[in-house]
Every structure is written in C-alpha cells, then in structure tokens.
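Below is a short report on one structure. It starts with a helix, then takes up the sheet and the pockets.

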Amino acid sequence: LDGAMGTMIQGYRLDEAGYRGECLAGHAHDVKGDNDLLVLTQPGIVRAIHDAYLEAGADIISTNTFNATSIAQADYRLEGRVRDINVAAAKLARECADAWTARTPGKPRFVAGALGPTNRTASISPDVNDPGARNVRFDELVLSYGEAIDGLAEGGADLFLVETIFDTLNGKAALFALQTFFERIGRRFPVIVSGTITDASGRTLSGQTTEAFWNSVRHVRPLAVGINCSLGAALMRPYIEELARVADTYVSCYPNAGLPNPMAETGYDETPAETARPIEDFAQSGFVNLVGGRCGTTPAH
C-alpha cells in the first residue's frame, strides 16, 4: 500500500487561494485544510504524490478521499461537491495506476477507494455532561458513505478501504453502505477494513480490543483486516500479532511514522529505516500480508 497523503500535501504549504484554485474562487466559506478538495482544484499535486508512491513500488494507491463524505465536507460548506470529489479522486488515481501498469505489465497497480471515519462518532457522546448525546445517527452515516461509494465506483476504484476506524459503529455504517451498494449492482468489490488503536490500552476509541474489533467486522468477509495509524509500527506489534492470530483472512498494517511530534516539520520524525525495522519483523514473523504507511510517511518509507 502507499503512504501518507495529508502530510505530503502539507509540504506544499498551500494558502487559502491555493486550496480554492479557480473553480472555487468565489466560495463563501474558507476551505484551507480541505485536502480532499485538491483533486478538483490542484489535481497536479495529488497526481505527483500518487506517482511518487507508485515509483517507490506501491501496488495499491488510495484515493485522496479520507474526508470526502457529506458529513466531513459540511465543515467547509461543500456537501454539494462530495460526488464530484470522489469521482475525480478515483479517476485521478485510476489514471496514475493504469499508466504505471502499462510501464510495468508484470506489476499491475490497483486503486483503493478510501473511506475515512468522518469527524463524528456514533458511539460516544460529544458532551461530557450528557453521556447519551450523539451528534450523528447510524442512518445518516450510511447515506453519507453511500454517496461517496457511488462516486468512487464511478471513478474506477478496484476495491474499497474502510480505514482508521476509531468507532466501530461508524465503520459498520460504511460496511453496511458497501453491502447495500453491492446488492444494488449485483457484484462485490474487495474490501479492506482497518481500525486504529488510540492508546497504550490496546483499544479503539470506542473501547474495543483487537479481537473484539475483528469479531465486529468479520461478517463482511473482508479481503484483509488490519490496523493503521495508531502508535507507530514499533508500539503496534502486540496488536498486529493478536490480529494475525484471530483473523481468518489477510492482515494489513500501515502505521504512522512513529508517535506524533508537534515540534517536527511534518509532525512525525521517524526515519524510513526506523519504520522499516518493525515492519520487517512483522513480515518475518508471518503477521502481515499488506504493508504501507500513513501520517508522516513519505515515498522513502
């Protein structure tokens, strides 16, 4: 799998005008920081990042759609552009993957339609004084994911990547939307499901252990299940080992470049060699089938 998209984009240091481009010059709300929007306003940047990962050897590249749902895009008042963003992101990745497959026919490249967790949680109250409060409903998440899924499929994704699941109920909404889509079109796409461990307790934000997380999603028969982001590769080891023990499918792993460091230029300061050591250990131990990187990683990782 490829590596980080967001932290690579940060390296371009785009200002508000850079994020808007020409097509959103008159938009009434600030859009700086909306990385997904760049597939419409700065496609050359996204293409360059895809190409860098493909040149580094990635077999699968992820679409630049981590926050490309109506729920997440509402922060920028861009709910009406969600389908456009997902279609454009998948087409852009598709073009890059196909170009590299043509160069190296013996190494086909694939496009994973990325479905991130959204910026809301269906299981946890946003109000410490009201444990029963929720700021999103399951059916709202399903509809929001469904719109993104339609766009990614139209743009040419080969598979779907439900990733960075910190709340399994959010993840299950995405998986339900995918299953509904598969039933409607009469075929299945491969699906990779990836959760994230949020602290040293070894649990997701919504409180599940690795084994509990797997048992919550195994019914969708994923091509692979894994862990991404989290604490970096070194601290991820016991959870990857546990997942490899309990899962009856392939296992994926794509960590951050170590623990976050707000003083570092990219927010992370683990070198490629430091990332490589635990990943090599995972591979030699037989824990993983698919590896890549997330926040702070680069084509060198």
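In this predicted model, helix α9 (residues 210-217) lies across β3, β4 (191-195) and β5 (224-229). Its angle to β5 is about 130°. Contact means heavy atoms within 4.5 Å. Axes are lines fitted to C-alpha atoms, for helices over the stretch in contact, and angles run from 0 to 180 degrees between N-to-C directions. Helices (H or I, at least four residues) and strands (E, at least two) are DSSP runs, numbered from the N terminus.

Residues are numbered from 1 along each chain as its sequence is written. In this predicted model local features need pLDDT of at least 70, side-chain atom pairs count only at pLDDT 80 or more, totals for chains, interfaces and linings use all residues, and side-chain values use heavy atoms, without hydrogens and water.

The open sheet has 7 strands, ordered β1-β2-β3-β4-β5-β6-β7, with parallel pairing. β1 (60-62) and β7 (290-291) are the edge strands. Pairing requires at least two DSSP bridges between two strands. β2 (residues 110-115) and β3 (residues 159-165) share 4 bridges. Ala 112 stands opposite Leu 159 in β3.

Pockets come from a 1 Å grid over the protein atoms alone: each is an open set of points where a 1.4 Å probe fits, with protein on both sides within 12 Å along at least five of seven lines, and lining residues have an atom within 4 Å of a point. Volume is the space filled by probe spheres set on the points, which are joined across faces, edges and corners.

| Pocket | Volume | Top lining contributor |
|---|---|---|
| Largest | about 380 Å³ | α1, 3 residues |

Met 5, Gly 6, Phe 66, Arg 294 and Cys 295 are closest to the centre of the largest pocket.
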